[in-house]
Amino acid sequence: MQKFSKRLLGGIAAACMLLAVAPATASAAEQGGDAVVESSAPARTPAESDVTVDTTADDGDPASAAGDPVAQVGDVPYTSLDEAVEQAPEGSTVVLLRDCELTTGFNKTLTFTGGHKITINKQLTSNGEGWMCFGLYDPSRVLTFDGVEVEWNSEVGTAPWLMLSLSGTMNVTNGAKVVFTVDSGSTGSRNAIYMNAGSSINVTDGSTFEIHGYGTKGKEGQGLQLDQTGKAEVNVSGKSTFLIDGTNRGYVNSPTITVDDSTFTVQNCTANASNGGKFTAANGSTVTYQNNAGHGLSAGSVTLTGGSTLTADNNGYYGVYTSGGFAVDGTSTLTVTHNSYSGDFAGLKLTSGVTDGHVAAGATVTIADNYCSGLSNNGKVVFEEGVKLTITGNLNDKGTTSNGGGIYNSGAAANLTLPSDTVIYNNHAKTAGDDIFNNTTSTIAFGRVGEGWALDGVGIDGEADDCTDAIDGWYDDSADNRWEAHGVDREETEDTENADDTVDTEDATDTEDTADTEDAEETPVYNHAVEFTDFDDNGMAAVTGLTALKAAHGVIVPEPEPEPTPEEPADETDPGKTESQTDPAKPTIAQTGAGIVLPAVVAAAAVAAGALSLMALRRRRDR
């Protein structure tokens with residue numbers, strides 16, 4: 001029994017020793033929550049463990065230190081992208097195996113795929129030029145970025161005229177992203193892409209194409225430059241994105257641009273955002289030109305269809321300018337705001353070249369808060385009945401004459417038709433026609449004022465002007481005969497500083513020489529509220545010839561202030577009344593000249609009476 005006990009104790013001790021050295025393998029549930037499960041494998045020494053190797057070479061090319069390939073052409077792998085591009089035959093596909101850098105230009109049809117990123121920090125060159133020439137001598141060549149990312153930077157310390165000369169086609173597709181950066185401040189680059197005749201850029205299938213400019217103010221630094229007017233094109237489709245941001249000029253020399261179910265933006269340019277060409281937005285596209293120092297969208301024709309939206313906001317010159325076609329279908333929206341802060345331009349400018357401008361019923365057009373005329377028209381344009389047209393808050397104080405704050409319609413070819421329910425009021429012009437100015441040879445058709453319109457009380461430079469009364473009609477607002485309906489003293493606007501007949505009120509102390517104001521002539525006031533009423537049975541007016549109008553109201557004659565009702569004489573027996581109150585004919589204290597002495601006598605008498613009363617009370621108490 002004793003031996004058995006010893007054996008049992010020995011077994012228990014051995015079991016305890018085994019449990020003490022066993023690895024911990026408790027589950028998360030056993031630990032009462034989410035726990036990190038440690039491996040039961042024995043730890044390895046640093047010599048035995050896997051070591052992560054930094055595969056980035058000194059030159060920035062992420063080539064493997066062991067010579068791992070970064071790209072592949074066919075079945076052939078390459079350890080540098082430069083080598084792969086150089087060896088690839090015309091028409092090849094270069095498959096990226098990892099992020100890599102390109103330092104050598106080329107001029108042959110190639111497709112880059114594989115989902116990785118290409119970085120270009122060198123000025124690429126080819127064909128003996130100081131830049132990469134793609135498609136030179138063979139414009140049928142195609143450069144395709146398929147699902148990859150490209151960061152193409154202008155090289156610091158160089159001053160090339162451009163980065164890429166494109167004579168063929170560039171395709172950015174299948175979610176690819178291509179970004180050019182032009183830094184004119186440090187590199188002197190003038191153009192990101194120079195597009196030769198017949199070239200095209202196609203951004204499709206959810207892809208992104210961007211050009212960013214830095215240091216371009218007062219310097220060359222275009223996003224896109226065409227060598228021949230109208231001989232190159234940009235197509236953005238399939239929910240893709242196109243952006244030019246901060247270049248000197250966005251694009252130059254009239255490219256044909258088509259945006260289909262995509263987003264197109266040109267912003268923050270230090271000069272004009274655009275310069276001519278045909279512009280079309282379709283199938284729900286969103287187009288924005290904003291914060292550019294010069295023109296926003298300047299084109300030979302502008303077409304919006306399929307629920308597309310075009311916004312031109314805060315551009316220094318014209319917000320939208322077209323010299324040819326102008327068409328907005330009934331599902332699309334045009335918004336033009338806060339433009340022309342740098343000169344005598346307009347929010348929306350339609351030139352005499354617009355011979356058949358058309359905005360269909362259902363479209364929404366808003367032209368508001370521009371710093372010159374909201375709509376300046378020289379062509380033939382019809383806004384159909386049913387267009388939601390709003391023209392408000394525009395201020396024209398630019399130029400030697402500033403006519404037409406809301407609409408300036410001028411020229412022999414100018415023929416403008418507005419919907420009958422156009423919202424147009426509270427615009428301002430320094431010279432004539434706050435809301436509508438129609439010149440001598442022009443024609444305009446418009447409707448009556450709307451319900452619920454009221455003046456905003458604001459004028460030129462934000463100074464108080466007009467009133468805030470309700471608007472009841474259209475009124476003449478001609479130069480030298482501006483609308484006025486509140487009897488303004490016309491002499492207030494004249495210079496009276498040197499007037500000889502001005503009375504010095506400080507010296508006019510002799511009241512006997514003062515004229516009786518009741519007999520003096522009233523100061524002449526100026527009212528001019530001549531209403532325009534030439535509307536047909538449909539509430540429309542068609543005018544040819546010089547006409548300047550303001551949505552306002554007729555003369556408001558202020559009601560005379562009622563004369564104060566004289567107070568009835570007070571009852572003389574009323575002990576609460578003073579002598580002057582009970583008898584108005586008697587002089588007051590001030591009139592007797594006793595304004596100082598009499599109050600003192602009255603006060604002394606009151607004190608004496610009080611003292612006598614107090615003495616009488618004490619005598620009665622003593623009795």
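Reply: Two strands count as paired if DSSP finds at least two bridges between them. Strands (E, at least two residues) and helices (H or I, at least four) are DSSP runs, numbered from the N terminus. The model is predicted, so to speak of local features requires a pLDDT of at least 70, side-chain atom pairs count only at pLDDT 80 or more, and totals for chains, interfaces and linings use all residues. Residues are numbered from 1 along each chain as its sequence is written, and side-chain values use heavy atoms, with hydrogens and water left out.

Me: How many helices and strands does the protein have?
Reply: The protein has five helices and 46 strands.

Me: And how much of the protein counts as buried?
Reply: Of its 623 residues, 41% are buried, where buried means under 20% relative accessible area, exposed over 50% and partly exposed in between (1.4 Å probe, protein chains only). Among contacts (heavy atoms within 4.5 Å) with a separation of 6 or more, 66% are between residues 24 or more positions apart.

Me: Now the sheets. What is the strand order in the open sheet of five strands?
Reply: The order is β7-β10-β13-β16-β19, with parallel pairing. Its edge strands, β7 (132-134) and β19 (251-252), each pair on one side only.

Me: How many bridges join β16 and β19?
Reply: Strand β16 (residues 222-226) pairs with β19 over two bridges, in the parallel sense. Within this pairing, L224 has Y251 of β19 as its bridge partner.

Me: Turning to β17, which strands are joined to it by bridges?
Reply: Strand β14 (residues 200-203) is joined to β17 by four bridges and runs parallel to it. Five bridges join β17 to β20 (residues 256-260), again in parallel. V236 of β17 is the bridge partner of V203, while V234 stands opposite I257 in β20.

Me: Which residues form the covered face of β17, and which the uncovered one?
Reply: In β17 (residues 233-237), V234 and V236 make up the covered face, whereas E233, N235 and S237 make up the uncovered one.

Me: What is N235 in contact with, beyond its sequence neighbours?
Reply: Leaving aside neighbours within four places in sequence, N235 contacts I201, N202, V203 and T258.

Me: What lines the largest cavity?
Reply: The largest cavity holds about 50 Å³, and its lining includes L102, F106, M132 and W152. Strands β6 (117-120) and β8 (142-146) each supply at least two lining residues.

Me: And the second largest cavity, what volume does it have?
Reply: Its volume is about 40 Å³. Among its lining residues are P419, R448 and W474.

Me: Which residues lie nearest the centre of the second largest pocket?
Reply: They are D344, F345, S373, S376 and Y408, from a lining of 13 residues. That pocket holds about 160 Å³.

Conventions. On a 1 Å grid over the protein atoms alone, a cavity is a set of points where a 1.4 Å probe fits but cannot get out, and a pocket is an open set with protein on both sides within 12 Å along at least five of seven lines; lining residues have an atom within 4 Å of a point. Grid points are joined across faces, edges and corners, and a volume is the space filled by probe spheres set on the points.
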